[in-house]
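Please look at the sequence and the structure below before reading on. The paragraphs that follow lead through the model one part at a time.

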Amino acid sequence: MADAATIDQIGKADIAIGLVPSSHDSAEVSAAIDRILESSPPVNAVLIHPPYAPDGAKAQRTGSRWSLLPDPQLAQDRAALAQSLGASYRAIFDSALKLGVRACAVVASDLPSVTADWAPLLLEPATENGFDLIAPCYARHRFEGLINRAIVYPLVRALYGKQIRNPLGPDVGVSAGLMRRMTSGSKTRMHPLVSLVAEAITGGMKICQAHLGARGYPPPDWSNLSSLLAQVLGPLFLDVERYAPYWQRAPESQAVPEFGRHQHVEGPETAVDVTRLIETFQLGAHNLHEIWGMILPPSTLVELQRLARLDRAGFRMPDETWARVVYDFALAHRLRPISRDQLLKAITPIYLGWVASYALEVESASPDAVEQRLEKLCLTYESARSYLVSRWRWPDRFNP
Amino acid sequence: MWDQVGQTLHESTVRVLSRIAGLLPGALALVLAVLVSAVIAWLAAIVLRRLLARIDFDERLDQWGLKSVAEWSPRESPSLLVTRAVSWSIILVGFTLGLAAFDAALSSRLAFSLFTYLPNVLTAILLVIVGGIVARYLARNILIEGVNMHLQYARFLSIGVKWMVMVLAVAMALEHLRIGSSIVRLAFGILFGGIVLALALAVGLGSKELVSRSLERESDRTATANAEEPFRHI
């Protein structure tokens, strides 16, 4: 937690920015803090940052309206990403509310990729246009952010009816009203990042998204993919359960206002090798059919077994199958036929199968074609929502 | 002499018949006790079944994460398992009470030994149930993690761990029941010692190069996969 005496000393502020760096390199964090301090906000601003001994004198010397608030709790732990991000966001929201800010931006991407215009993009829609949540839009090539493309964005869009490209941020702008909602007594068990979008939508709050450009991230770790999936999907599926009364009656999806300039990033030119992905899917289909059988209905199991027999050239996972798999896992997360951790990890081979299928489809596609492909997947999720509603209401009914 | 033989036979017949006649009330009491306890057990089962159904016992057990208990019970219904356990316990108590009608000293000794042995039986049952749950959980975990780590022998590993834990649980249960405890202990010593020795020999001597080549290949493969991986999941 931030020091209460420092908060008292700062007094009141209008806006706040919280930094949750993935890096533990103090020089890198200090440099990022210095970059942010170089901007001159028109109102009193507080930078809540990890205590990496930044040049605090700079804020005083420039005579800017910045104040610094160190908080040792702000950090990302790659082994427990969801928990560490949750604790950091909660700490930032608490400090920001104590400072009485109107809006707060949280930056959790790799700091070298954070540019000076991120802060106004994430804060001005809240302070000037009255938006409660400013979700990010990143410029990504076709093979980036795959968990978001495959599951998070289509699922949130289909269930909650808002076309928010990155519902899990992690760089977001939040109004004081939404922060109060997230930290109020009965909501403390919610994940302050994952549940942000669902809480804003179900609370009827104003939502927009801001184009932030390219985003940096730490290098991937193959061996931890299933843990990563479990950490992302666990809170997401908890929200599906929590907001079931809302999404069973949610309207069709609608676009949200956007700020900033839409950008594209070119993907790798060389052909991608999906052999390992398909092999892992086939290994899963061969070994995990008993576990999948506790989660998926027979027709989906048969479809997955059929896919496992396809060769590389013809390997395509139908969107309908994939959407139903995700919905069935969300339902199983509620019903707990096996432990939740095992359940969330058991989706990994099917997810890798989807990645392989998607990679083969968009291997040489243009950015527009990739967008169209993603839109098609989202529409399939939306049309398959009735399947989830039906299974959610009558899980014991025979389902071939 | 024939008179004496006849008299002896007569006396022994009278003695045997009088003993049988003496046992008859006890036997009848035993049958009655078993019948009454069976009726009580039947009534208790009906009441208990309805009670458990009313509180959704099976569903609650699932919610508490004890789904595996269901796999041990008849027709995969934990309610049925509990009901039957209670019924048979009542019948057992009735049978023990019935035995008391035969001979007070004998029955009290029997009842005493039965009741002192009962905790061992319950502990053994608990050990096997917990062992089964742990074995299934570990096997499932290893299978999922193994597949996600792209291990071709994930299923083999999972089955191996499952049976190791199960055999260990059964051996511990037998130890508690005082059945062949020294044999079980010896068998385990040999089994685990053998496995450790086999692994040590495989890695240390016989298959040293093979194992190291295999490990290097797997490590290279993972490193290459990481380096060339064009996909960003986050």
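Some ground rules come next. This is a predicted model, in which local features need pLDDT of at least 70 and side-chain atom pairs count only at pLDDT 80 or more, while totals for chains, interfaces and linings use all residues. Residues are numbered from 1 along each chain as its sequence is written, chains are lettered from A and ligands numbered from 1 in the order in which they are written, and side-chain values use heavy atoms, with hydrogens and water left out.

The interface can now be described further. Chain A gives 46 residues to the contact and chain B gives 24 residues, where contact means heavy atoms within 4.5 Å. Together the two chains bury about 3,200 Å², and 59% of this is on carbon and sulfur atoms. Buried area is the accessible area (1.4 Å probe) that two parts lose on being put together, summed over both.

The rule also finds one salt bridge across this interface. A salt bridge is a side-chain nitrogen of Lys or Arg within 4 Å of a carboxyl oxygen of Asp or Glu. The side chains that meet in this way are those of K345(A) and E145(B), at 2.8 Å from N to O. On the side of chain A that touches chain B, the elements giving two or more residues are α6 (146-160), α9 (225-242), α11 (275-287), α12 (289-293), α15 (340-345) and α16 (348-362) of chain A. Helices (H or I, at least four residues) and strands (E, at least two) are DSSP runs, numbered from the N terminus. The element that gives the most is α11(A), with seven residues. Sorted by class, this side of chain A has 24 nonpolar, eleven polar and eleven charged residues. In this sorting Ala, Val, Leu, Ile, Met, Phe, Trp, Tyr, Cys and Pro count as nonpolar, Asp, Glu, Lys and Arg as charged, and the others, Gly among them, as polar.

The next topic is the nonpolar interior. In soluble globular proteins, nonpolar side chains tend to be buried together. A nonpolar core is a set of buried Ala, Val, Leu, Ile, Met, Phe, Trp, Tyr and Cys residues joined through side-chain atoms within 4.5 Å. Buried means under 20% relative accessible area, exposed over 50%, and partly exposed in between (1.4 Å probe, protein chains only). The largest nonpolar core has 124 residues, and I151(A), W247(A), W292(A), W322(A), F329(A), Y351(A) and Y381(A) touch the most other members. The largest share of this core comes from α6(A), with eleven residues. Not counting residues up to four places away in sequence, W322(A) touches several residues, including A150(A), I151(A), Y351(A) and Y381(A). Another core, of 29 residues, lies apart from the largest one, and among its members are A32(A), L47(A), L123(A) and Y138(A).

Salt bridges are the next stop. Over all chains, the rule counts 14 of them. In one, the side chains of D239(A) and R242(A) meet at 2.6 Å, N to O. These two residues are separated by about one helical turn because they are three residues apart in helix α9 of chain A. D239(A) is buried at 1% relative accessibility, whereas R242(A) is partly exposed at 35%.

Which side chain does R340(A) meet in a salt bridge? The partner is E241(A), at 3.3 Å, N to O. This pair links distant parts of the chain, with R340(A) in helix α15 and E241(A) in helix α9 of chain A, 99 residues apart. K376(A) and D319(A) form a further salt bridge, at 3.6 Å, N to O. Here K376(A) lies in helix α17 (residues 367-383) and D319(A) in helix α14 (residues 319-335) of chain A, 57 residues apart. K376(A) is partly exposed, with a relative accessible area of 48%, while D319(A) is buried, at 6%. Salt bridges link D319(A), E361(A), R373(A) and K376(A) in a network.
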